[in-house]
Every structure is written in structure tokens, then in C-alpha cells.
Amino acid sequence: MNQLKTPVFDAVKRYVDSNVIQFHVPGHKQGAGLAELREYIGERALQMDANGMEDLDFANNPTGVIYESEMLAAQAFGAQHAYFLVNGTTSGVQAMIMSACQPGDKIIIPRNAHKSTIGGIILSGAMPVYVQPEINEKLGIAMGITEESLKKAIKENPHAKAVFIINPTYYGVASDLKSLVRIAHRHEMAVLVDEAHGAHMSFHDDFPLTAMEVGADMSAVSTHKTAGSLTQSSLLLLRGNMISPERVKQVLNLTYTSSASYLLMCSLDIARKQLATKGSDMLEETLRLARMARDEINKIEGVYAFGKELIGTPGCFDFDETKLGICVSGLGYTGYEMEAKLRKEYNIQIEMSDLSNILAIVSIGDKEENLTALINALKDISEKTEKKEYPKTPFIPQNPKMIVSPRDAFYSPKKIVPLDKSVGEIAGEMVMAYPPGIPVVCMGERITQDIVDYIKILKEQRTQLQGTADPYINSIMVLGVD
């Protein structure tokens, strides 16, 4: 196949150039009905905001240009089938779980999985079996899972239908994916991989191996995060015989919009072409910038930009160097405080922070001057700061006990109780810090004092907490009737 082609993008350009008289949605009619936005972003983007029709194909049942673009994407990413997603990798994660699991089936999942996995479990009716990832105590972050922990989970749950793996984590840590896939397949379990942060990894040899490269069954990749497409656009990839494309299409038809954005699909088309034809060179430059920044930051007193030296530590088999994680506790700041300081005083917005670290994503769109600005800001902060180690805070509580399945908890009657009085109750909603979206407690799990204490720490640090009806989490929904 010719990876220089962009079938969807070309079809949309032809459509715009034809000046067709529109009596179809969207109702803004090429921006005429949305003048303020048109004046700000320009006419062309709104002209491209079309709807499904014969020459533009239909996203729910593609047989034309969308189908051709998806086949090009499958080839580029080493899959047999690819599906455009316009509701982010969240929809891909949920589709994977629903494709692999029936109600009551067990699925083995690392505890640090994104909140979208819980949504997939509720929608599918599957039962999660959590595997605790390894913890790096110095950095206070979750790493990957080990072969031993997966083998133990499979031994205790030999009839599980699927194994869910993160590749890589938000901070760039990759498990030994090839070995994990081999173990799961040996026990006839499908392997589903969340590659929200690994869409770029197929296109340069210095990155960890991807799901498709090691024979996993499905993966969901956030092309918008690291591969250049527009926010909310992702790909779902499928290979092998364990999960049929007909099943996947059935699932997508349940959840997929009937009005997929052509702007998003055009961006997927172009991003795939760019990676397939120029990706190696672009990523070579991206790696150069990330390595330069990491080296310079590690010369600054009080901060530590962690990288490939983590390989070989528990739970870290490989590392994605474009994830520029920086431990700032040596300066006496929490990551949350450093994120706010960089934005307010230096006009720099980083991707994410936690109690000890900040994370900068270095991508194909970065310039050296941007990295230099971050380096200089950290130098300036270090020079102005009296060095002190920030007191270590407890890591996210491990292994809350699941009393009720997430699906049953979702549909059960609930009552609202003050957070301080929730210890011993069964959670009726999730609590998570976002990003990265890892649940502190999930629906159906017993709330412990450790969980309440940890939520209070996050609140004190003004962390963005999500998942609860009360946006300030002074109260929480639990199972029961008032």
C-alpha cells in the first residue's frame, strides 16, 4: 500500500473545493452560522466539518475512503485491522474489554490502569482481577508489572479471559511486553494493551516494543498524544485470531458516534502518513531534544530527570525517553506546586504532576527553544530555592478489597456520606487524580482509613480530583439507602 496517500483528507479537500450547496448537517453550514468561531479559527476548518455521505464514506460502516485509510493505518502500525476512533483512547480501551469479555468473565488488570478500564468493565460486566504494579519508592510512581505477578494472577484465576497491560506508563516505563504476551497466550487469554502513550513507538528503533510487534491481540493508541493528530483522535488496532473483527465492529457500533468528525479523521490520516514516511527522522530529532534536556536538567541541583537508568529495576524492562519525568522533591516542592509555579511565573505548562514529580511530554512538534526555556526555568528556581527534601508522603493505597463487582455497584442504590465517615463503606463512585486518571478507589471497593487519608493529602495539594458527584470530595457516594 502507498503510505503517501491520504484517502480521507483528499476526499474532504475535493468536497470543500466542489462548493456543494449544503442541505445536510452540521447546521453551521461551513461556518456561516458560527461567525465568531469562524473569525477566530478561519473558514477552512469549518468547511471541512462535514458529515457522512457517499463520497466521504461512513465511519460506522466504512467501505470507501475511510476504510482505505484504516487499512493504511493497519499496515503502518503492524496490525491486520485498524479502526479510527473519535472519542479518544477511552473508547478504544472500552471496546477492547467489551470485545474480549462477556458478563462474568474475569480480566487481569494492573491496578494503575486508567479510569477508562473501569468504564469498560462496567459496560462489559467483566470482573477485574487486579495485579499490583511494582512501585519505585524513591520517585513515588507505579512501574510495570512483572512476569511473576502475572503468573501468580493466572494461577489463581486460570479461567480469566483476558490480560490488560499498559505500554508504556504515563512516565514512560515499559514492562517486558513480549514475555507477558507469551505467558497469557500460553493460557489462551487474549492480550489487550493500552498504548495511550505509545503511538509513536513503532516508528523508531530506540523505543520499547509495541503490542502489535510482539503479537498482542488488540491495542488502543492515542495518536493525538504523541503522533501528531488532533485531540480526541485515536486508533484501535487488531491482529490474530482470538478476537474477530466482526465482534469488534459489533462493539464499536454500540458506542461509536454516527457523526464522526472529519477534521479528526483527516488528522489521523495525515498523522499516519507522516509517521509512516518521515517518522524515523522526526523521532530521531525528538529523542535528541529529550536526551539533551534530560542531561541538562540533571546538572541542576535539587532535581532529577529520570530515564533509561531505571531499566532493570523492578517493573521496568524498557523506557520511552520522550517522557521527561522530573523529580522535584529535592527542591522542597511537590510536583503540584512546581506545575503551578512554572505556569504562573514562567508561562510553561507541563503535562502532569504528582506529589513528587512533574512530567513534560517531548514530541515531534517540539523545538529546542521550548526545552531550553524549561531548563532555564528549573535552573532559576533551583538557584532561588533553599534546598530541602520534601517530606515523603504515602503512596496510593494498595489493593482495596472488592466487595461488589463494578457493574453491580454502578447499578446499586447509593447514599451520600461525609468523607470522614465513609471508612468501612463500599464505594459507589470512583475517586482519581487526573491526570493520570488512576483510581484511588473504584466502585464496589471497601473504603479504608488509608484511602481517606490519601484523598485528604491530594485535596491539600489542590490536586485535580475526578469521578465524584461532589467536585470538592467533602462527601462521597457509597452503596446503601438513606
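Buried residues are those under 20% relative accessible area, exposed ones are over 50%, and partly exposed ones fall in between (1.4 Å probe, protein chains only). The model is predicted: local features need pLDDT of at least 70, side-chain atom pairs count only at pLDDT 80 or more, and totals for chains, interfaces and linings use all residues. Residues are numbered from 1 along each chain as its sequence is written, and side-chain values use heavy atoms, with hydrogens and water left out.

**View 1. K341 in helix 12.** Helices (H or I, at least four residues) and strands (E, at least two) are DSSP runs, numbered from the N terminus. K341 lies in helix 12 and counts as buried because its relative accessibility is 18%. Contact means heavy atoms within 4.5 Å. Not counting residues up to four places away in sequence, K341 touches Y333, Y346 and I381.

View 2. Two strands pair if DSSP finds at least two bridges between them. Strand 13 (residues 323-327) and strand 15 (residues 357-361) run antiparallel and are joined by 5 bridges. L324 stands opposite A360 of strand 15.

View 3. The structure holds 0 disulfides, a disulfide being a pair of cysteine sulfur atoms within 2.5 Å. For C101, the closest cysteine sulfur is in C442, 16 Å away, which is too far for a bond. C101 is buried, with a relative accessible area of 3%, and C442 is buried at 1% relative accessibility.

**View 4. Helix 15 and its packing partners.** Helix 15 (residues 449-460) has 12 residues and reaches 17 Å from its first C-alpha to its last, close to the 16 Å expected at 1.5 Å a residue. The expected span is 1.5 Å times one less than the number of residues. Its buried residues are I451, V452, Y454, I455, I457 and L458. They pack against helix 12, strand 17 (431-433), strand 18 (438-441) and strand 19 (465-466). Just after helix 15, R462 takes a positive phi of about 55°.

**View 5. Helix 5, mostly covered.** Helix 5 (residues 88-100) has 13 residues, of which 12 are buried. Among them are G88, V93, M96, I97 and A100. From first C-alpha to last, helix 5 reaches 19 Å, close to the 18 Å expected.

**View 6. Nonpolar cores.** A nonpolar core is a set of buried Ala, Val, Leu, Ile, Met, Phe, Trp, Tyr and Cys residues joined through side-chain atoms within 4.5 Å. The largest one has 99 residues, of which I107, I108, L192 and L236 touch the most other members. Helix 11 supplies the largest share of this core, 8 residues. Apart from it lies another core, of 26 residues, including L324, I348, A360 and L371. Leaving aside neighbours within four places in sequence, I107 is in contact with residues including I97, C101, F164 and L192.
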